[in-house]
Amino acid sequence: MAFLGDCVIVFVSQMLFFAGGWLFFNKELFKHYEIRHISVQLIFSSTFALSITMFELIIFEIIDVLESSSRYFHWRLGLTLLLFMVTAVIPIYICYSVIHSISFFSDRWVRILTTICWFVFLYGLWRIGEPFPLLSASHGIFTIEQGVSRISVIGVTVMAILSGFGAVNYPYTSMTYFIKPVSRNDIICFERRLALTVDMLTAKKRRIAIAVYNHNKLHPTKPRIWDMLTSAVQRNTSNGEDINQLKQEVYGLEELQRSVFLELNSLKNMEERQRWSQTLKGKYFNVLGHFFSVYCVYKIFMCCINIIFDRVGRKDPVTRGLEIAVHWCGFDIDLAFWNQHISFMLVGCIVVTSIRGLLLTLTKFFYRISSSKSSNIIVLILGQIMGMYFCSSVLLMRMNMPAEYRVIITEVLGNLHFNFYHRWFDVIFLVSALTTIIVLYLSRKPVRVDDSDLH
């Protein structure tokens, strides 16, 4: 009866997670689209529910909610279903949707090509293990360990890229230190310069149109190919107007207009950020930005140390902190009690921030590239990324848990090389963070506008 009650608890929670994924799909991703495929909604919501269930089981492990055997069963079942979604259901549906959108394929060829593409995907997924120290075929092929070991390479890479970008970009967009001072006179000056450039560009294009019209009026019988040949060897003039020269001037003015517009847009964005930084919310995020800037520097430094010395942490931060408090600071505290509660709060914060961060990123990415025709395919791709991301999150979160709570994850995932994934995360995080720093530094360079083109 205890096992049945545990199954009911997990099933009810999964239904709630499924409803949350369904609402997110309708209220956020597809709120601007009327055409929705029910199968896409079911796949996305199911992947979301299975992904959140992994985090739920970690929390259940810390606070000891279910029976140990029940938790192990649901770990195995949840990981099996999640792997089935990201290796079979979603890839097959993506291939089918893409091929089916090509009108000249019949239904029979759509099924054949979908099957071929899926096998190509599985072959590529298996080949990922060759350059990395993953499990060999001797450990079995269709096992949870093999699936997680290969899916996690992609998931950890996505996590590290997003983490490296966020660790640098968040302080950059939140701290007032990076806001360039902008006055209203600067904006007015660039607005006038843009208006003057547009007027000059319009006048020169009008002169070109009049010159071409007069030229065609004077030479109506010449064939078009003859005009192309003669224009290549002699100056194209009409009533004293050098059309080629005017076209070169128009090209220069168009480049100038683009530069002035980009600089004006940058100034207006900076002005908006200045106003926002004076609000209570802006000041709050400014404080958070300073905190995350310190974290970014610390994380980059520790990644360098870990890569150079091939170092991986052996103890979770909670246990290490409590040991320092007891042995070095002399505090008399109950290690078991505080270890459990602080671990619960730490893992809870990681879970909430991971889910929130990924959903915000998926929403922004979807709005940027989606259309009415491609929206369902893009949602499936995002669902695939989400499943890989959360599967990898469980693997990396193991290091943030005390030893007694990470045992069940080790038992479920088997003989995975956990240290490899942490080193791989450090490498990709470092590359992503440094690349973001370089890109943001180059983007802050002011656009030089040559006023000589206005004369």
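Trainee: Let's start with Glu271: is this residue buried or exposed?

Mentor: The general idea is to compare relative accessible area with a cut-off, and buried means under 20%. In this predicted model, Glu271 has 14% relative accessibility, so this residue counts as buried.

Trainee: Which side chains does Glu271 meet in salt bridges?

Mentor: To read a salt bridge, look for a side-chain nitrogen of Lys or Arg within 4 Å of a carboxyl oxygen of Asp or Glu. Glu271 meets Arg184 in this way, at 3.1 Å from N to O. That pair links distant parts of the chain, with Glu271 in helix α8 (residues 243-277) and Arg184 in helix α6 (residues 184-218), 87 residues apart. Glu271 also forms a salt bridge with Arg275, at 3.8 Å from N to O. Glu271 and Arg275 are four residues apart in helix α8, so about one helical turn separates them.

Trainee: Which residues make up the network of salt bridges here?

Mentor: Arg184, Glu271, Glu272 and Arg275 are linked in it.

Trainee: How many salt bridges does the whole structure hold?

Mentor: A search of the whole structure gives seven. Another one to look at joins Arg71 and Glu61, whose closest N and O atoms are 2.6 Å apart. Arg71 belongs to helix α3 (residues 68-100) and Glu61 to helix α2, so this bridge ties together parts that are ten residues apart in sequence. Arg71 has a relative accessible area of 5%, so it is buried; Glu61, with 11%, is buried as well.

Trainee: Back to helix α6, please. Which residues does Ile187 touch, leaving out those up to four places away in sequence?

Mentor: Ile187 is found in helix α6 and touches Val182, Leu264, Leu267, Lys268 and Glu271. Ile187 and Leu267 are 80 residues apart along the chain, and 6.6 Å separates their C-alpha atoms. Ile187 has a relative accessible area of 0%, so it is buried.

Trainee: What share of the chain's contacts joins residues at least 24 apart?

Mentor: Among contacts between residues at least 6 apart in sequence, the share is 80%.

Trainee: Now the aromatic rings. How many aromatic pairs are there?

Mentor: Two rings pair if their centres lie within 6.5 Å, and planes under 30 degrees apart count as stacked. By this rule the count comes to twelve aromatic pairs. Phe24 and Phe44 have ring centres 6.2 Å apart and planes at 15°, so their pair is stacked. This pair links distant parts of the chain: Phe24 is in helix α1 (residues 2-29) and Phe44 in helix α2 (residues 38-63), 20 residues apart. Phe24 and Phe44 are both buried. Ring pairs also bring Phe25 into a cluster with Phe24 and Phe44.

Trainee: Where do Phe425 and Phe429 lie?

Mentor: Both are in helix α14 (residues 418-443), four residues apart, which is about one turn of the helix. Phe425 and Phe429 are both buried.

Trainee: How does the chain look as a whole?

Mentor: Its secondary structure comes to 14 helices and two strands. Of the 455 residues, 42% are buried. The accessible surface is about 26200 Å², and carbon and sulfur atoms account for 65% of it.

Key:
Residues numbered from 1 in each chain as written. Predicted model: local features only at pLDDT ≥ 70, side-chain atom pairs only at ≥ 80, totals over all residues. Heavy atoms only, no water. Phe/Tyr/Trp six-rings, centres within 6.5 Å; stacked < 30°, edge-to-face > 60°. Buried < 20%, exposed > 50% of the residue type's maximum accessible area, 1.4 Å probe, protein only. Contact = heavy atoms within 4.5 Å. Areas by Shrake-Rupley, 256 points an atom, 1.4 Å probe, with all protein chains shown as cover.
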